[in-house]
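The exercises below are meant for a reader who is meeting this structure for the first time. Please look at the sequence and the structure, try each task, and then follow the worked solution step by step.

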Amino acid sequence: QVQLVESGGGLVQPGGSLRLSCTASGSIFRINTMAWFRQAPGKQREWVARIQPDYNTNHADSVKGRFAIDRDNAKNVVYLHMSGLEREDTDDYYCNPYPPLSYWGQGTQVTVSS
């Protein structure tokens with residue numbers, strides 16, 4: 001059974017930091033590259049960052065140097081460490097394997113505002 005549960009979002013001021021967490025079912029976590037995506041209302045979902053099982057990472061240019069993806073293979077958790085947040089980072093954030101499944105969790109909302 002596929003399980004993706006995101007958490008950690010909230011309201012933060014520009015320049016602030018957040019850490020998002022995603023717990024994934026073991027069956028899809030251990031063998032897969034995991035990724036974070038984000039989507040604003042009325043816009044297409046976009047890829048933010050991904051991490052391979054061997055911890056090799058890639059980040060979208062828009063977040064490079066500000067966000068960092070990480071994973072804990074023992075706990076089946078993938079993190080997104082966000083710093084230097086900008087208003088343009090306001091979105092719903094989702095985790096999924098990369099490439100993504102057709103199933104998506106409920107996401108976690110990040111709002112960057114003063």
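**Exercise 1.** Decide whether Arg 66 and Asp 89 are buried or exposed, and find out what joins their side chains.

*Solution.* In this predicted model, a residue is called buried when its relative accessible area is under 20%. Asp 89 has a relative accessibility of 1%, so Asp 89 counts as buried, and Arg 66 is buried as well. The next step is to look at the contact: the side chains of Arg 66 and Asp 89 meet in a salt bridge, with 2.7 Å from N to O. Arg 66 lies in the loop between S6 and strand S7 (67–72), while Asp 89 lies in the loop between S8 and S9, so this pair ties together parts that are 23 residues apart in sequence.

**Exercise 2.** Work out whether the two partners in the salt bridge of Asp 61 and Lys 64 are buried or exposed.

*Solution.* The side chains of Asp 61 and Lys 64 meet at 3.1 Å, N to O. A residue counts as exposed when its relative accessible area is over 50%. Asp 61, at 65%, is therefore exposed, and Lys 64, at 52% relative accessibility, is exposed too.

**Exercise 3.** Trace the order of the strands in the open sheet, and state how S4 and S5 run.

*Solution.* The sheet has six strands in the order S2-S10-S9-S4-S5-S6, with mixed pairing. Its edge strands are S2 (10–12) and S6 (57–59), each of which pairs on one side only, and the twist averages 25° from one strand to the next. Within this order, strand S4 (residues 34–39) and strand S5 (residues 46–51) run antiparallel and are joined by five bridges. As an example, Met 34 has Ile 51 in S5 as its bridge partner.

Key. Residues are numbered from 1 along each chain as its sequence is written. This is a predicted model: local features need pLDDT of at least 70, side-chain atom pairs count only at pLDDT 80 or more; totals for chains, interfaces and linings use all residues. Side-chain values use heavy atoms; hydrogens and water are left out. Two strands pair if DSSP finds at least two bridges between them. Helices (H or I, at least four residues) and strands (E, at least two) are DSSP runs, numbered from the N terminus. Axes are lines fitted to C-alpha atoms, for helices over the stretch in contact, and angles run from 0 to 180 degrees between N-to-C directions. Buried means under 20% relative accessible area, exposed over 50%, partly exposed in between (1.4 Å probe, protein chains only). A salt bridge is a side-chain nitrogen of Lys or Arg within 4 Å of a carboxyl oxygen of Asp or Glu.
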